[in-house]
Amino acid sequence: MAIFNKIFGKSEKQSSEDQIKELGFEISTCSETCDDCTAKFPKSLSFEENDKLWHSTKPYGLHLNVSTGRTDWPHDATGKSNTLSHAVASWASKHGDTPIGTIKVTCSSFASDEMYSDEDYITEQTGDVLVLPYFLWIKGLKITDVDKILSKLVYILSTSEHDKLQVSDIQSQIPQVIPDVNKAYILLCSHRTRDKRCGITAPIMKREMEMYLRELDLYRDMCDTSPGGVNVGFINHIGGHKYAANVIIYLKQSGKNIWLALCKPNNVRPIIDECILHGGKVWPDKVRLVQKFDPIEW
């Protein structure tokens, strides 16, 4: 079964709420703010609070997150030649549209022990790539193998019936692939070099999210591989700094992808409650994009 990627395509005369519902997402009836939350962004920051968020970014089919262990990057995060992130981004730009959709490439703050002990990891000749919305890791990906392995992975994902596909089927052709055990990922743009608003807002949002996730016993990081948790990470520029904080959510069980914007610390608990714990419920005034992919069962 080809990936089920419902995207835009309805008349602008329809309300954003109606379009979101038609894409298979419920509208939350709970408040998007938490009255008891006291954390705030600095008053010196300003955002485009009056812009229309819906349709303010384009859909995509594959999101490749290259682990760097950093929270900020050069202006062009993948622009440094002879690095894994550059090789992955170059591969994506050459391949453009794939049968499973366009490709988004970002650097992430995710790290592994090898980044501090393995020379090839330290020099970014080798690294790990998180493949979303498929909840897969490609471990130990070498620059020289990027084209071969990523092209093979896209071929497998685009030609397989996803309800029958097993990780072992992928591993038989790409041994470096392992399944991710988390139930959800939350990604925050922290690219301060591009816009200080992201560098300031993302750490505040991450701290508030992780505090609440700990209360729920759902907090996970790269050292905790207990199944069924939620991992919050930083990524580089994704567009729309003026809409900080941008929050991108991937849900494994439902296959839902939610992109929220203009999020603040008092939105954190409702986001986790409604978007993650209650199966992807959203508030239309906060949504830039919603997509529904095939659920992942591994």
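By class, the second largest pocket is lined by six nonpolar, six polar and two charged residues. In that count Ala, Val, Leu, Ile, Met, Phe, Trp, Tyr, Cys and Pro are nonpolar, Asp, Glu, Lys and Arg are charged, and the others, Gly among them, are polar. The lining has 14 residues, and Ser67, Thr68, Met115, Tyr121 and Glu124 lie nearest the centre of this pocket. Two or more lining residues come from each of strand E1 (62-67), helix H2 (84-95), helix H3 (119-122) and strand E3 (126-132). Helices (H or I, at least four residues) and strands (E, at least two) are DSSP runs, numbered from the N terminus. The volume of the second largest pocket is about 180 Å³.

A word on where these values come from. This is a predicted model, in which local features need pLDDT of at least 70 and side-chain atom pairs count only at pLDDT 80 or more, while totals for chains, interfaces and linings use all residues. Residues are numbered from 1 along each chain as its sequence is written, and side-chain values use heavy atoms, with hydrogens and water left out.

Rolling a probe the size of a water molecule over the atoms shows where empty space is left. Here the search runs on a 1 Å grid over the protein atoms alone: a cavity is a set of points where a 1.4 Å probe fits but cannot get out, whereas a pocket is an open set with protein on both sides within 12 Å along at least five of seven lines, and lining residues have an atom within 4 Å of a point. Grid points are joined across faces, edges and corners, and a volume is the space filled by probe spheres set on the points.

Now for the largest pocket, with a volume of about 530 Å³. It is lined by 28 residues, and Ala111, Asp221, Met222, Cys223 and Asn231 lie nearest its centre. Sorted by class, this lining holds 13 nonpolar, six polar and nine charged residues. Which element gives the most to the lining of the largest pocket? That is E8, with four residues.

The largest pocket also brings in both domains: its lining draws at least three residues from each of domain 1 (28-54 + 182-292) and domain 2 (62-179). Domain bounds like these come from an automatic or database domain assignment. The C-alpha centres of the two domains lie 23 Å apart. Across the boundary, 22 residues of domain 1 are in contact (heavy atoms within 4.5 Å) with 20 residues of domain 2. Domain 1 and domain 2 bury about 1800 Å² between them, with 67% of it on carbon and sulfur atoms. Buried area here is the accessible area (1.4 Å probe) that two parts lose on being put together, summed over both.

Next, helix H7 (residues 268-277). Seven of its 10 residues are buried, so H7 is largely enclosed by the rest of the structure. Buried means under 20% relative accessible area, exposed over 50%, and partly exposed in between (1.4 Å probe, protein chains only). The buried residues of H7 are Val268, Pro270, Ile271, Ile272, Glu274, Cys275 and Ile276, and they pack against strand E6 (184-189), H6, E8, E9 and strand E10 (256-260). After H7 comes Gly279, with a positive phi near 80 degrees.

The loops have some backbone details to look at. In the loop between E3 and E4 sits Pro133, joined to Leu132 by a cis peptide bond with omega about 10 degrees. Phe135 is in the loop between E3 and E4 as well; its phi is near 50 degrees, a positive value in a residue other than glycine. Is Phe135 buried or exposed? At 0% relative accessibility, Phe135 counts as buried. His55, in the loop between helix H1 (16-22) and E1, has a positive phi near 75 degrees, and this residue is partly exposed, at 26% relative accessible area. Another cis peptide bond, with omega about 0 degrees, joins Ala244 and Ala245, and Ala245 lies in the loop between E8 and strand E9 (247-251).

Finally, Gly255 lies in the loop between E9 and E10 and counts as buried at 4% relative accessibility. Leaving aside neighbours within four places in sequence, Gly255 is in contact with Gln291, Lys292, Phe293, Asp294 and Pro295.
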